[in-house]
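This briefing concerns strand packing and charged side chains. Please consult the sequence and the structure shown here while reading.

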Number of protein chains: 2
Amino acid sequence: MQSYQEMSKEELLQEKAKLEAIYRRFANSGLKLDMSRGKPSAEQLDLSMGMMDVLNSSTDLSCEDGTDCRNYGVLDGIQEAKVLLGDMIECHPDNIIIYGNSSLNIMYDTVSRSMTHGVMGNTPWCKLDKVKFLCPVPGYDRHFTITEYFGIEMINIPMLSTGPDMDMVEELVSRDDTIKAIWCVPKYSNPQGITYSDETVRRFARLKPAAKDFRIYWDNAYGVHHLYDIDQDNLVEILAECKRAGNPDMVYKFCSTSKISFPGSGVAAIAASANNLVEIREQMKVATIGHDKVNQLRHVRFFKDIYGMTEHMRKHANILRPKFEMIIDTFERELDGRGAGSWITPKGGYFIAFEALEGCAKAIVAKAKKAGVTMTPAGAPYPYGKDPHDSTIRIAPTYPTLEDLKIATDVFVTCVKLVSIDKVLESK
Amino acid sequence: MQSYQEMSKEELLQEKAKLEAIYRRFANSGLKLDMSRGKPSAEQLDLSMGMMDVLNSSTDLSCEDGTDCRNYGVLDGIQEAKVLLGDMIECHPDNIIIYGNSSLNIMYDTVSRSMTHGVMGNTPWCKLDKVKFLCPVPGYDRHFTITEYFGIEMINIPMLSTGPDMDMVEELVSRDDTIKAIWCVPKYSNPQGITYSDETVRRFARLKPAAKDFRIYWDNAYGVHHLYDIDQDNLVEILAECKRAGNPDMVYKFCSTSKISFPGSGVAAIAASANNLVEIREQMKVATIGHDKVNQLRHVRFFKDIYGMTEHMRKHANILRPKFEMIIDTFERELDGRGAGSWITPKGGYFIAFEALEGCAKAIVAKAKKAGVTMTPAGAPYPYGKDPHDSTIRIAPTYPTLEDLKIATDVFVTCVKLVSIDKVLESK
């Protein structure tokens, strides 16, 4: 396919006229589609309805150790839930604390505790003049919202195809002790679907931070969210790698079943070294009497074990795969070789990131909106909502039906072409 | 009955010998009883087992407004849960935010937010040299643990039969702007079972605090936990009273269904003025995507409405009333007029407080322990675990069976008598 850059001004104007006719048809057809939300579809939620049946009024709501899940007690999660989530994130149950329904809330809580109480004996961050976090970009907007809320300065780290630019990470953390953490979505990253390479993980585990209280915030949100059964990305397990590298305390690992069972009604957890867990439990015993054990039990009885969860995730994949493949197919058919942007083909997760020509993301999102297709706001995957190149667009294929998604993708591709042609025309 | 103080040394020694024989029988019978835990009994938990049936795999898990409770969305609680909890705590649903499973966690979170972000535009507490809370004593140990964890200084306020000593509260808050809050359990208080009088509540609402960011932490933990149907305590509703007094923003009200449905698997909420809720939502949208809506729906479908909850609480009362009455009867029969301590007869809540002779609480608790009866540690209802008079003992009648409780109460009364006689003998 000829790229726009190679086409003459006349050819581009001709192409533009054709595309504008297509765009007008879309714009006049009263569409109301949404590719902005990283939510499971109703069809996916239906997969977990059986969870509503596993407990009933004649069920014994006791744990294997005899604890009555209906009453107070058990601060950090029932053992069988630790085993299940441990298998899910490849960690020993002893390294796990089960929380409530939201891993985001655990991250918030972790930052908040570090602000007021510091990390393992170090000065509370609220007593410091300056605290900084490294933010691989594009990344997850809600991570950045937490750091912004606490007045923490964010430093962009470019994402490469192997994960964050580790030369830059190593350089910065080794010389600046105000850098206290880095946000990571290491597997099927939000929004690019990149899985950190083995080398990247090993370099993470071998960091020599200037700050003693430096921590890797490892948000393993999509650890079991594969699209394929065999062709899966593999991520080196970070807790074990940090231990092998002599940095056992350097990482907090977060996870939840939000996009496995029901978002908002799942079970979330943190995994960390024994030293970190001691500190977390110190806070936890002050902050709550315990989390929802009945819901923990409900999850364990529904999934039974990690094989049950794997089979369950296969059903999710069967729903999601056609959506992801349709979008990638459309991109390849319509945009390959056009010089109108690029994309990465993910093997799991919840998003596809489209990398538009520099300065085009906002215009594309606005144009799609005008035609009735809502995209995640351009800039959202960057700290302070500011994409320095105005080029990244996050696409969330999960929530709409496949039919709606097809139309939305066609609209999107049309908008990409139109805005890109305008951009190329500027330089002609 | 003759008081120990009126008895001669000889009479006391005779009485002591008799009691020691009784005590030895208890101590040698291998008892293992527990009156320390403010937990519902298994029989009470059974009352809510129907909650496990209201949702099943063919239930429509949508709210009245059509929201799919299984998915992300709805930050501050589904409307029907706000209505139910609003009726429970006599507040308008618009003044309510539903959280997760723990009201204690909301309180922790509220203190933590005040530390890092301040209260409605005022300086974050972590930037102040000194922050103080008033603590009516005896009170709830976990309140004090939160304030202690954040390094907040605690000032004891004596509890009167009408609630906290309001002369002292008014005096202190009006002249000291480092006093930022007061902890209250205003109805069937923990541990005394006192309900604040109308005058006390009205004086609370009319406080003129030196600190603009002063807040009343109104932990309405036992709002519907009556022992009787007609003979109930009444508490003036604090949000409305603060509004009438021109202090609408001065109070946070906390509640949960922990001792209504299942502790740990209930629904908790905060009620406050619109101004306060704006600030809370600002934090909440950073800290989580939302709480467990399926569990909110489960509660609404189970209780249906406030009448359903009232009828449910009547069943709890039927289980609890004999336990409370047995203890009070035993105290009246064995201790009335003995000059060995005093107690208040509560009409609801979860505790009875026994006020021993000065300097006797620890010894009584230790003596009971030796005979196999665990009481809440003496001192626990005071900040830093320090009861200045060593006299308050919290009794938790709910968890043991009535039979076990009878024996435990007999042991307890025997210990009270023995320690009191020793105390009186000292001065003979």
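Predicted model: local features only at pLDDT ≥ 70, side-chain atom pairs only at ≥ 80, totals over all residues.

- Strand 2 (residues 96-98) of chain B runs antiparallel to strand 9 of chain B, and 3 bridges join them. In this pairing, B:Ile96 stands opposite B:Ala271.
- Strand 8 (residues 251-256) of chain B is also antiparallel to strand 9 of chain B, to which 4 bridges join it. B:Ser256 has B:Ala268 as its bridge partner in strand 9.

**Salt bridges**

- Over all chains, the whole structure contains 52 salt bridges.
- A:Lys18 and A:Glu15 form a salt bridge, with their closest N and O atoms 4.0 Å apart. About one helical turn separates the two because they lie 3 residues apart in helix 1 (residues 9-27) of chain A. A:Lys18 is exposed at 56% relative accessible area, whereas A:Glu15 is buried at 14%.
- A salt bridge joins A:Asp76 to A:Lys82, the closest N and O atoms being 3.1 Å apart. A:Asp76 is buried at 12%, and A:Lys82 is buried at 9%.
- B:Arg338 pairs with B:Glu15 in a salt bridge whose closest N and O atoms are 3.7 Å apart. This pair links distant parts of the chain, 323 residues apart: B:Arg338 lies in the loop between helix 11 (306-335) and strand 10 (342-343) of chain B, and B:Glu15 in helix 1 (residues 9-27) of chain B.

**Surface charge**

- A:Glu325, A:Asp329, A:Glu332 and A:Asp336 gather in a surface patch of negative charge.
- A:Glu332 belongs to helix 11 (residues 306-335) of chain A and is partly exposed, at 41% relative accessibility.

Definitions and conventions: Residues numbered from 1 in each chain as written. Chains lettered and ligands numbered in written order. Heavy atoms only, no water. Pairing = 2+ DSSP bridges. Patch = residues over 30% accessible without salt bridge, like charges linked within 9 Å, V, L, I, M, F, W, Y side chains within 5 Å. Areas by Shrake-Rupley, 256 points an atom, 1.4 Å probe, with all protein chains shown as cover. Salt bridge = Lys/Arg side-chain N within 4 Å of Asp/Glu carboxyl O. Lys, Arg positive; Asp, Glu negative; His and termini not counted. Charge placed at Lys NZ, Arg CZ, Asp CG, Glu CD. Buried < 20%, exposed > 50% of the residue type's maximum accessible area, 1.4 Å probe, protein only.
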